[in-house]
Amino acid sequence: MTTGATVWLTGLPSAGKTTIAYELAARLREEGHLVEVLDGDEIREFISAGLGFSREDRHTNVQRIGFVAELLARNGVKALVPVIAPYADSRDAVRKRHDVNGTPYVEVHVATPVEVCSERDVKGLYAKQAAGELSGLTGVDDPYEEPEAPDLRIESQHQTVRESAASVYALLSERGLA
């Protein structure tokens, strides 16, 4: 049986979390690992439909994702979770759930500056916020609490997607998880 683990990639919108997760997933799958990417947008559509973006709803969303990730990980799957998760207490609760169950958990902060994220603007959120069509954008007019001690910090603006994924892979290898 392979060892499962949750790899939580947190960071601002358009930081590169999902792109890195899919690159890492491909590499892990090539080596025979069971892998699931729990994309935040898909989770919101199917598991957290009806939740808004209040602090309480964001916390509930993160806890739901954390529950699913831990369930997968404890059953031998590498659960890659590219989700903003803006609040430290929400992320801490997910880590504690993993710790209680003895399930490996790795927190990766994709620490891309907001200026770079707004240039990338993959979903057009920063443009909508600037035009006054959107409020509550994480890192702009809604808080993002950066992890104080992530297992890994990636500055994606200084490296390729492949290099970013390789650094996560190296950490997993160090810990006997890849």
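Begin by selecting Ser-90, which sits in helix H4, residues 88-101; helices (H or I, at least four residues) and strands (E, at least two) are DSSP runs numbered from the N terminus. The model is a predicted one, in which local features need pLDDT of at least 70 and side-chain atom pairs count only at pLDDT 80 or more, while totals for chains, interfaces and linings use all residues. Residues are numbered from 1 along each chain as its sequence is written, and side-chain values use heavy atoms, with hydrogens and water left out.

Ser-90 counts as buried because its relative accessibility is 1%, where buried means under 20% relative accessible area, exposed over 50% and partly exposed in between (1.4 Å probe, protein chains only). Leaving aside residues up to four places away in sequence, Ser-90 touches His-59, Val-62 and Gln-63, a contact being heavy atoms within 4.5 Å.

**The sheet**

Next, display the strands: five of them form an open sheet in the order E2-E3-E1-E4-E5, with parallel pairing, and two strands are taken to pair if DSSP finds at least two bridges between them. At the edges are strand E2 (35-37) and strand E5 (152-154), each of which pairs on one side only. Neighbouring strands of this sheet are turned against each other by 20 degrees on average, direction ignored; axes are lines fitted to C-alpha atoms, for helices over the stretch in contact, and angles run from 0 to 180 degrees between N-to-C directions.

Select E1 together with strand E4 (residues 105-110), and you will find the two running parallel and joined by five bridges. Val-7 stands opposite Val-106 in E4. Helix H4 packs on the sheet, touching E1 and E4, and its direction makes about 155 degrees with that of E4. Helix H7 (residues 161-174) also packs on the sheet, where it touches E1, E4 and E5, and its direction makes about 175 degrees with that of E5.

Now move to strand E3 (residues 78-82), where five of five residues are buried. Lys-78, Leu-80 and Pro-82 point one way from E3, whereas Ala-79 and Val-81 point the other way. E3 pairs with E1 in the parallel sense over five bridges, and Leu-80 is the bridge partner of Val-7 in E3. E2 and E3 pair in the parallel sense over three bridges, with Lys-78 as the E3 bridge partner of Val-35.

**The annotated loop**

Select Gly-11, Leu-12, Pro-13, Ser-14, Ala-15, Gly-16, Lys-17 and Thr-18, which an unreviewed UniProt entry annotates as "binding site"; UniProt positions are given in the numbering used here, feature names are shortened, and annotations may be inferred rather than shown by experiment.

Ala-15 lies in the loop between strand E1 (5-10) and helix H1 (17-30) and counts as buried because its relative accessibility is 0%. Beyond residues up to four places away in sequence, Ala-15 touches Val-110, Thr-112, Cys-117, Arg-120 and Ser-156.

**Asp-121**

Finish at Asp-121, in the loop between helix H5 (114-120) and helix H6 (125-130), which counts as buried because its relative accessibility is 14%. Not counting residues up to four places away in sequence, Asp-121 touches Ser-14, Tyr-126 and Ala-127.
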